[in-house]
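Hello,

Here is the structure for you to look over.

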Amino acid sequence: MESTTYALPATPKQIAYARALALRNQTLLPWEVQQDRRSLSAWIDAQAKLTPATALDSLPSSKQVAFAERLARIKRRAVPDECFRDKGLMSTWIDGNK
């Protein structure tokens, strides 16, 4: 006799929760994962452990801002406003004004 295993389809609640996690983590929910209850459950477990991407991740740290302002006072110039909105720009401005 052959032993065949049938994949159970994912439940609507699983799919809804997976979509919410995908939005929170700013990632794609693969189509193949949505077809099988076990694979979707594994995907949900992996995504639930991740920390959500936030807008604060791109902001410069308080130490970066303090150092840039100290450099600006020494050089007698202002830190551009856009540097306060992006950590990469702030780092580039600091490197150029040391």
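**What I found**

The chain holds five helices and zero strands. Please keep in mind that this is a predicted model. Read from the N terminus, the order of elements is α-α-α-α-α. The chain is more spread out than a compact globule, because its radius of gyration is 23 Å, well over the 13 Å that the globule rule gives for 98 residues. The C-alpha trace spans about 85 × 25 × 20 Å along its principal axes.

Now the packing. Of the 98 residues, 27% count as buried. Among contacts with a separation of 6 or more, 53% are between residues 24 or more positions apart.

The largest nonpolar core has 10 residues: Ala10, Ile15, Ala18, Leu21, Ala22, Leu29, Val33, Leu40, Trp43 and Ile44. Helix 1 (12–25) and helix 3 (37–49) each supply at least two residues of this core. Helix 1 gives the largest share, four residues. Ile15 is one member of the core. Beyond its neighbours within four places in sequence, Ile15 is in contact with Ala10, Gln34 and Leu40.

The accessible surface of the chain comes to about 7,600 Å². Carbon and sulfur atoms account for 57% of that surface.

Best wishes

Technical notes:
Residues numbered from 1 in each chain as written. Predicted model: local features only at pLDDT ≥ 70, side-chain atom pairs only at ≥ 80, totals over all residues. Heavy atoms only, no water. Rg over C-alpha atoms; globule rule 2.2 N^0.38 Å. Buried < 20%, exposed > 50% of the residue type's maximum accessible area, 1.4 Å probe, protein only. Contact = heavy atoms within 4.5 Å. Areas by Shrake-Rupley, 256 points an atom, 1.4 Å probe, with all protein chains shown as cover. Core = buried A, V, L, I, M, F, W, Y, C linked by side-chain atoms within 4.5 Å.
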